[in-house]
Amino acid sequence: LLDTQTKKLRITIHELESVREELQRVEHDHTLKMREKDSTMDDLSHQLQLCKTSLSSLKQEVSEAKQRQSHVAEHYGSFVKQLREEVHEFCMKTLKQSDPFPTRPSPSPED
């Protein structure tokens, strides 16, 4: 009876050792997977930060470009206005100088 119980204990001890080894392997695999996930999360967090920085830079560039566009439009509008005035003045002077029907003095009653 003692011999049978000893055999059963040895079998149980062997099974427990197998279970312990399996648990250690599972724990090791789990640790590796968690490290991999942590590493992936760190990478994603870093990429997200880079994206935020890039987005901020792009917003700044767009803002500056809008300001430049506004300034250019203002300058262009003023330039066009001045050019129109100059063209108008030039045309008026030219018309006065080359009037095909110059104003004649009124005929005197003696004529």
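1. Disulfides. The structure, a predicted model, holds 0 disulfides, a disulfide being a pair of cysteine sulfur atoms within 2.5 Å. In general terms, such a link is a covalent bond between the sulfur atoms of two cysteines. C51 counts as exposed because its relative accessibility is 52%. C91 has a relative accessible area of 37% and is therefore partly exposed.

2. Basis of the model. Residues are numbered from 1 along each chain as its sequence is written, and side-chain values use heavy atoms, with hydrogens and water left out. As the model is predicted, local features need pLDDT of at least 70 and side-chain atom pairs count only at pLDDT 80 or more, while totals for chains, interfaces and linings use all residues.

3. Overall architecture. The protein has 1 helix and 0 strands; helices (H or I, at least four residues) and strands (E, at least two) are DSSP runs, numbered from the N terminus. Helix α1 covers residues 2-97. Of the 111 residues in the protein, 0% are buried. The accessible surface comes to about 11,300 Å², and carbon and sulfur atoms account for 58% of that area. Accessible areas come from the Shrake-Rupley method with a 1.4 Å probe; for residues, only the protein chains shown count as cover.

4. Nonpolar surface patch. Y76, F79, L83 and V87 together form a nonpolar patch on the surface, with about 410 Å² of accessible area. Patches are made of residues with over 30% relative accessible area and no salt bridge; like charges are joined within 9 Å, and nonpolar side chains (Val, Leu, Ile, Met, Phe, Trp, Tyr) within 5 Å. L83 is partly exposed because its relative accessible area is 40%.

5. Salt bridge. The whole structure contains 1 salt bridge, defined as a side-chain nitrogen of Lys or Arg within 4 Å of a carboxyl oxygen of Asp or Glu. R25 pairs with E22 in a salt bridge whose closest N and O atoms are 1.8 Å apart. Both residues belong to helix α1 and are 3 residues apart, about one turn of the helix. R25 is partly exposed at 46% relative accessibility, and E22 is partly exposed at 36%.

6. A side-chain to backbone contact. T12 is also located in helix α1. Its side chain reaches the backbone oxygen of K8 at 2.8 Å. T12 counts as partly exposed because its relative accessibility is 36%.

How values were computed
Buried means under 20% relative accessible area, exposed over 50%, partly exposed in between (1.4 Å probe, protein chains only). A polar contact is a pair of N or O atoms within 3.5 Å; within protein, one must be able to donate a hydrogen and the other to accept it, and residues adjacent in sequence count only if both atoms are side-chain atoms.
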